[in-house]
Amino acid sequence: MDAPTFTDLALRVISREATDDERRAVEAEMASTPARREEFEQLKRTHQLLRTAAPLTEAARATGPELPAWRVNELSTAVRQHFGPAANPKAEAGSTIWAHVLRWVFGGGGLAALTFAIVMMCFANRTVEVGLYSSDLVRGGEQSLSARDVPSARLVWFDEDTSFDQWQNQPLAWNQHAKIWVDNEHDLLYVLRRVRHGQIVMETQPLAPTDAAQREQIKQVVNSLQN
Amino acid sequence: MGTDLELLTALQRGEQDAWDEAFRRLYPAAFAAARHPLASLTPTEAEDIAIEALTLLLPKVKQVAAFDELRLLVITIASRKAISEKRRQLADKRGGGDITSLDAMQDDETIRFEPAEQLLYHLSGIDLRELGKLLDAALSALEPRQADLVRDFLVHHLPYKELAQKYRMPIGSVGVGLARSLDKIRAHLQAMPKLSKELAAYLR
């Protein structure tokens, strides 16, 4: 057997692509020519090294997906637990920041910012969105959530997982107050909402057991978000 | 946040904003590493592994000298955890009385992960950077179509059949082309005898 044929067959064996005949041919070649066994072992090591390491070198260039919004809090908590609140130099530098803010306010910038904030608040549509599968509407019939149940919220219907996942992963827009969705797989109701100082938090609560109870649960959550 | 060095200094001080920025920048790499084809985890599982790997950077941040080291570190952590998770899942499947456990026992999949786990345990960020450069050099020396074929085989672990379909070539030519290209890459590896010898030792 010539060298290129052996390398080809050996690689098939190593990659689990070989037929039984090809496997036997490689075994026979290695038994009759001991140098082939060493060649086989070398090829196997190269194959393992590259198939393990090559995906990692590619990972270093990855640009997506984005960090899901609802995992940010979890990571922030881990940072606080590790470094402790005292480690945040912002707290230590509080007086300096305050002096800087005062200077800014009296310098006129504050007035402009205040005007801008008032305008933004007037125009902000503090929307609450509720994400649902279209199939739930059909399946749930009378029991399913409708726009009448939550007039102050906007219902967003999805036909497939991909678009629903994208909607869930998207951070809240500046004019959005909250979004809510049901995770039937884990029996959880997800609430992604804006709290004080623009911070966004993700909360979950156990999902009510029936369609009717879930409808009430969502209504209550929407009402609490509007108050 | 200004330069990478300023970012790293802020991370070492534990500044929340800096960590938010670092997590945002490093998540894609962590997620891609957690989706290592050997582990073949679902996107949800990979997301959990990536988040865990990011939190494991916290105790290590004072040991690194450059922000980019964190990227390489999170990649090795995430890939190692992903493969361990896969191994654990297979072990559970075998021990859990699952109907497929007989198949699993006949073809002991967990053994397949041992060399990869060993290698990932010993692979440092510096090794990974060197290997990346080596692979880039080796692949750029190939004809572009051949380089894409090899990349799909090594990086995405596509089987011969899929490669033949994707590149519209006979399945026999796939193997011949891969074998030739791997020989060329091996020649590049031999140019780095220390690294290749050290890493190969974990694959025996």
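Start with confidence. Chain A has an average pLDDT of 80, and 77% of its residues score at least 70. Within chain A, helix H2 (residues 20-32) has the highest confidence, at a mean of 94. Helix H5 (residues 89-92) of chain A has the lowest, at 49. Where pLDDT is low, predicted coordinates should not be read in detail.

Now turn to two helices of chain A. Helix H1 covers residues 3-14, and helix H3 covers residues 34-59. Their axes come within 10 Å and cross at roughly 50°. That angle is why H1(A) counts as oblique to H3(A). The crossing of H1(A) and H3(A) is right-handed. From H1(A), the contact uses Phe6(A), Thr7(A), Ala10(A), Leu11(A) and Ile14(A). From H3(A), Arg36(A), Phe40(A), Leu43(A), Lys44(A) and His47(A) take part. By type, the residues of this contact are 6 nonpolar, 2 polar and 2 charged.

Next, look at where the chains meet. Here 39 residues of chain A are in contact with 53 residues of chain B. Several helices of chain B each give two or more residues to the side that touches chain A. Among them are H3 (43-55), H4 (67-95), H6 (109-122) and H10 (171-190) of chain B. Which element gives the most to this side of chain B? The answer is H2(B), with 11 residues. The side of chain B that touches chain A divides into 37 nonpolar, 8 polar and 8 charged residues.

Methods: Residues numbered from 1 in each chain as written. Chains lettered and ligands numbered in written order. Predicted model: local features only at pLDDT ≥ 70, side-chain atom pairs only at ≥ 80, totals over all residues. Axes fitted to C-alpha atoms, helices over the stretch in contact; angles between N-to-C directions. Helix = DSSP H or I, 4+ residues; strand = E, 2+ residues; numbered from the N terminus. Parallel < 35°, antiparallel > 145°, perpendicular 65-115°, else oblique. Left-handed = near helix turned anticlockwise from the far one by under 90°. Contact = placed C-beta atoms within 7 Å. Nonpolar A, V, L, I, M, F, W, Y, C, P; charged D, E, K, R; others polar. pLDDT = per-residue confidence, 0-100.
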